[in-house]
Amino acid sequence: MKIKLNQKPEKVKVYIRVRPFNEDELRRGGDTPFTNIDPDNNSISIKKEYSIKEYIYDGIYDMNSTQEEIFSNSAQPVIDVSI
């Protein structure tokens with residue numbers, strides 16, 4: 001594949017959805033590696049052995065997010081631009 005020199009590069013957007021626990025996970029206590037999920041700042045903190053790592057994405061949806069919310073905020077704008 002050849003890329004034209006004057007072609008503008010495209011950005012890939014990354015969205016994270018933290019799904020609700022399933023029944024088996026709830027029976028085991030609902031333990032999660034996440035120490036903080038902050039949809040307002042698009043950041044998520046994950047505990048790793050002896051430290052906490054923070055990651056920032058284009059968007060984060062927590063366990064209470066609906067499929068409709070995710071679609072309208074993340075997928076619909078892509079569809080609207082490509083039409």
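**A conversation about a predicted model**

Visitor: Where is Pro 9 found?
Guide: Pro 9 is located in the segment before β1, the strand spanning 15-17. Please bear in mind that this is a predicted model.

Visitor: Is Pro 9 buried or exposed?
Guide: Pro 9 has a relative accessibility of 69%, so it counts as exposed, the cut-off being over 50%.

Visitor: And how far apart are Pro 9 and Arg 19 in space?
Guide: Their C-alpha atoms are 32 Å apart, while the two residues are separated by 10 positions in sequence.

Visitor: Let us turn to the sheet. What is the order of its strands?
Guide: The order is β2-β3-β4, an open sheet of 3 strands with antiparallel pairing. Because β2 and β4 (51-56) each have a single partner strand, they stand at the edges, and one side of each lacks a neighbour in the sheet. On average, and ignoring direction, neighbouring strands of this sheet are turned by 15° against each other.

Visitor: How many bridges link β2 and β3?
Guide: There are 4 bridges between β2 and β3 (residues 43-48), in the antiparallel sense.

Visitor: Which strand holds Asp 38?
Guide: Asp 38 belongs to β2, which covers residues 34-38.

Visitor: What is the nearest side chain of opposite charge to Asp 38?
Guide: That is Arg 17, at a distance of 16 Å. Asp 38 is buried and yet has no salt bridge.

Visitor: Which side chain makes a polar contact with that of Asp 38, then?
Guide: The side chain of Asn 41 does, in a polar contact of 2.7 Å.

Visitor: A change of topic: where is Ser 74 found?
Guide: Ser 74 is part of helix α2, which comprises residues 67-82.

Visitor: Why does Ser 74 count as buried?
Guide: Its relative accessibility is 12%, and buried means under 20%, so Ser 74 counts as buried.

Visitor: Which residues is Ser 74 in contact with, leaving aside neighbours within four places in sequence?
Guide: Ser 74 is in contact with Tyr 15 and Tyr 61. With Tyr 61 there is also a polar contact between the side chains, at 2.5 Å.

Note on methods:
Residues numbered from 1 in each chain as written. Predicted model: local features only at pLDDT ≥ 70, side-chain atom pairs only at ≥ 80, totals over all residues. Heavy atoms only, no water. Helix = DSSP H or I, 4+ residues; strand = E, 2+ residues; numbered from the N terminus. Buried < 20%, exposed > 50% of the residue type's maximum accessible area, 1.4 Å probe, protein only. Lys, Arg positive; Asp, Glu negative; His and termini not counted. Salt bridge = Lys/Arg side-chain N within 4 Å of Asp/Glu carboxyl O. Polar contact = N/O pair within 3.5 Å; in protein donor to acceptor, adjacent residues only side chain to side chain. Pairing = 2+ DSSP bridges. Axes fitted to C-alpha atoms, helices over the stretch in contact; angles between N-to-C directions. Contact = heavy atoms within 4.5 Å.
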